[in-house]
Amino acid sequence: MNARLSGQLDLTELFGSATPPQRLQSSTLQGEQMARDDDAICLLIGSPGLDGYGTAATASRPDLAAAVLADWRKHGIDVTSHTSGSYALVIVDAARRSVFLAVDRFAIETLCYFTDGRILAFADRADCVPGHDGQLDPQAIFDYLYFHMIPAPRTIFRQVRRLPAAHALLVDPQGVHEIRHWRLRFDEHGRPAFDAARDSFRSLIRDSVAEQLSGQRRVGAFLSGGTDSSTVAGMLCQITGTAAPVYSIGFDAEGYDEMEYARIAARHFGCEHHEYYVTPADLLASIPAVAKHHDQPFGNSSALPAYYCAQVAQADGCSRLLAGDGGDELFGGNSRYAMQRLFEFYHSVPQVIRQAIEPMCADRSPLRRIPGLKQATGYVRHSRVTLPSRLQSFNLLMQLDPAQVLNADFLTGVDVHEPARHMQATWDECQAGSLINRMLAYDWRYTLADSDLPKVRGAVQMAGIAVAYPLLSDRLTDFSMTLPADWKLRRFKLRWFFKEALRGFLPDEIINKKKKGFGLPYGVWTTRNPALLELARDSLDTLAMRGIVRRDFVDRLLREHLPEHPGYYGEMVWILTMLEQWLRRNAHAA
């Protein structure tokens with residue numbers, strides 16, 4: 001894959017004694033938007049907005065990079081506080097003897113880099129960063145198996161790092177400095193009037209959708225049938241005054257298909273509805289290509305249905321798709337938020353009572369053998385785990401035991417406790433008083449920036465069109481951070497404000513449904529389709545030969561676990577298959 005933004009700098013020369021123009025001569029730089037003068041160069045990708053210059057959609061003009069460079073001249077590293085929307089930017093300033101790299105609040109656009117103190121190399125893709133030794137990082141592979149993606153700042157390459165969302169990097173003669181340029185500040189004391197907040201909310205969504213129409217020949221929307229995608233699709237129809245094109249994916253598998261709800265939304269808003277049913281044959285055809293497209297191993301299984309959805313939209317003439325990502329994570333829509341509130345109630349029980357209860361919930365307690373009480377004792381045991389570790393209490397890799405899954409020699413090169421430290425550091429970044437806001441901020445990192453956004457971005461890039469996320473606009477994000485915590489999670493009712501504010505706009509069936517999205521019935525299909533099973537077996541056997549997973553685990557997983565519980569163990573088969581398919585198609589890295 002080709003990089004949209006990349007470069008390599010000789011830092012000894014850039015920070016040397018020659019004149020600024022001479023120090024820039026050896027720079028090898030490229031970007032979709034670029035501006036330069038005698039002293040500095042600005043590279044830019046994405047659809048940013050700049051204070052006093054334009055909105056995210058209208059600002060994609062050739063002179064935007066020049067405007068960012070001018071703002072850098074005035075404000076230095078504070079340029080990010082004046083920049084909104086989606087972006088990755090690099091500023092090389094020979095006069096100031098510095099290089100500045102930054103990505104937007106949610107890392108909608110990405111930026112990876114390598115430096116050894118002598119050179120600085122960067123690209124929007126980890127596999128396009130020049131200058132490093134190309135060696136894989138065993139810890140990154142372990143992190144991938146734990147999270148099903150590799151959280152920033154680590155990448156699959158030992159010497160390459162990725163900027164986390166809302167972060168910047170300043171490289172100067174004093175060293176390398178990572179900076180969080182957007183702080184997580186929730187206003188938990190305000191109590192706005194509901195009617196005014198509802199009207200502002202609807203207006204902000206409408207404006208965010210409208211901004212994405214400028215300069216596009218045909219704009220469509222993903223439509224899963226959930227509240228987020230239905231809201232975006234409905235606003236698109238309302239703004240354009242036409243039957244806007246929307247695209248949905250279905251599965252001929254019980255418990256996975258949500259096309260019924262997508263059809264309800266499409267009828268309600270009068271959309272031009274396009275449906276595509278993904279088949280096992282589609283998986284066989286696209287698994288290798290999807291794995292190869294990503295710049296590092298990526299295990300979000302919704303990437304394949306999202307790709308087929310985008311492919312249909314591209315064939316239908318769309319130049320941009322609008323995605324509904326962000327509504328759950330800004331306004332409190334994930335079911336685990338209510339579950340964690342339930343678990344937290346246990347901590348309000350007086351300690352003397354907890355001390356009496358907990359011995360009865362131990363492993364050898366006879367109560368654990370009574371079906372009705374086993375669930376209750378499990379609740380107590382689970383509640384005792386503190387956040388954020390509790391969010392991964394049922395982590396698939398840890399439930400299976402890394403020592404039973406991974407080769408012993410491979411395990412000597414990793415720290416199995418590193419993911420827990422990573423999660424704790426992320427959790428500690430947000431100092432909000434409410435549980436819901438801390439969980440939201442946590443998910444902005446792990447669910448949005450590192451998983452769902454790369455999934456959608458990769459899907460549309462493969463299909464050859466653009467994507468935008470109206471619900472993640474800076475103004476909607478700022479608005480969400482001013483809402484009372486109990487408007488996001490009211491007792492155990494998820495995204496209370498979002499649903500009540502859109503009642504009458506969204507059909508009641510959509511408001512009341514449980515969202516599942518584009519979940520993939522991979523495990524079920526693999527047990528029924530010999531070709532899919534053979535692809536999985538071939539992939540996992542090769543991982544065993546590479547010394548990553550244990551041979552006996554592969555045999556047991558495919559022979560026993562997968563047939564017994566395809567929905568559960570299919571996820572492990574999937575992430576291992578995608579790991580091997582990435583390694584196989586990036587042989588220079590393996």
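Predicted model: local features only at pLDDT ≥ 70, side-chain atom pairs only at ≥ 80, totals over all residues.
Q: Which helices do the buried residues of H4 pack against?
A: Among the buried residues are Ile141, Phe142, Leu145 and Tyr146. Their packing partners, taking the buried residues of H4 together, are helices H14 (396-400), H15 (402-405), H16 (408-411), H17 (418-429), H18 (435-463) and H26 (566-585).

Q: Which residue just after H4 takes a positive phi?
A: Start at the other end: there, a side-chain oxygen of Asp137 comes to within 3.0 Å of the backbone nitrogen of Gln139. Just after the helix, phi is positive, at about 70 degrees, and the residue is His148.

Q: Which residue in S8 stands opposite Ser6?
A: The open sheet runs S2-S1-S8-S7-S9 with antiparallel pairing, and its edge strands are S2 (28-31) and S9 (161-162). Strands S1 (residues 5-10) and S8 (residues 119-123) pair over 5 bridges. Opposite Ser6, S8 has Ala123.

Q: Is Pro470 buried or exposed, and what is its relative accessible area?
A: Pro470 lies in the loop between strand S16 (466-468) and helix H19 (474-480). Leaving aside neighbours within four places in sequence, its contacts include Ser208, Val232 and Leu322. The cut-off for buried is under 20% relative accessible area, so Pro470 counts as buried, at 2%.

Notes:
Residues numbered from 1 in each chain as written. Heavy atoms only, no water. Buried < 20%, exposed > 50% of the residue type's maximum accessible area, 1.4 Å probe, protein only. Helix = DSSP H or I, 4+ residues; strand = E, 2+ residues; numbered from the N terminus. Contact = heavy atoms within 4.5 Å. Polar contact = N/O pair within 3.5 Å; in protein donor to acceptor, adjacent residues only side chain to side chain. Pairing = 2+ DSSP bridges.
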